[in-house]
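Me: I have a chain open here and want to go through it. Can you take some quick questions?

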Amino acid sequence: PKESFEPEWDSTNYDITKMTTWAAFGVAATGGAWDNDSLWRCFGCAMLLSCSVAVVVIFIPHSSLVAPDQMAKIGTFMNVFVGILLGFFLSSSMTRWYR
């Protein structure tokens, strides 16, 4: 099989001399994390989803009929659920780190 010697993309591969200049604030600086196309694609999808949800929520008729107590319960549940998921993620990350 033919071997490819193309280097793999790495977000930590950057020019350190640019870090002390105004070019460090450039969004499209080559070699940095902002240079990754998949990052911008993910950001675009997240923005599209959040704007879509905002438009749907704004144009819901009779949104004042939603009970605030129920929304508070859902919010509390989501806080606990996300905390548990974050704990699982950190646990698996630390396990991989120390393996």
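Below is a short exchange on this predicted model.

Me: How many helices and strands does the chain have?
Reply: The chain has 2 helices and 0 strands.

Me: What share of the residues is buried?
Reply: Buried residues account for 2% of the 99 in the chain.

Me: Which residues form the nonpolar patch on the surface?
Reply: Val-66, Met-71, Ile-74, Phe-77, Met-78, Val-80, Phe-81, Val-82, Ile-84, Leu-85 and Phe-88. Together they have about 1100 Å² of accessible area.

Me: Where is Val-82 found?
Reply: Val-82 is in helix H2, residues 68–97. Its relative accessibility is 48%, so Val-82 counts as partly exposed.

Me: Switching to rings. How many aromatic pairs does a search of the whole structure find?
Reply: It finds 2. Trp-40 and Phe-43 make an edge-to-face pair, 5.9 Å centre to centre with 90° between the planes. These two are 3 residues apart in helix H1, so about one helical turn separates them. Phe-77 and Phe-81 make a stacked pair, 5.9 Å centre to centre with 15° between the planes.

Me: How many residues apart are Phe-77 and Phe-81?
Reply: They are 4 apart in helix H2, so about one helical turn lies between them. Phe-77 counts as exposed because its relative accessibility is 53%, while Phe-81, at 39%, counts as partly exposed.

Me: Last one. What does Ala-24 touch, leaving out residues up to four places away in sequence?
Reply: Lys-18 and Met-19. Ala-24 lies in the segment before helix H1 (37–58).

Note on methods
Residues are numbered from 1 along each chain as its sequence is written. This is a predicted model: local features need pLDDT of at least 70, side-chain atom pairs count only at pLDDT 80 or more; totals for chains, interfaces and linings use all residues. Side-chain values use heavy atoms; hydrogens and water are left out. Buried means under 20% relative accessible area, exposed over 50%, partly exposed in between (1.4 Å probe, protein chains only). Patches are made of residues with over 30% relative accessible area and no salt bridge: like charges are joined within 9 Å, nonpolar side chains (Val, Leu, Ile, Met, Phe, Trp, Tyr) within 5 Å. Accessible areas come from the Shrake-Rupley method with a 1.4 Å probe; for residues, only the protein chains shown count as cover. A salt bridge is a side-chain nitrogen of Lys or Arg within 4 Å of a carboxyl oxygen of Asp or Glu. Contact means heavy atoms within 4.5 Å. Rings of Phe, Tyr and Trp (its six-membered ring) pair if their centres lie within 6.5 Å; planes under 30 degrees apart count as stacked, over 60 as edge-to-face and the rest as tilted.
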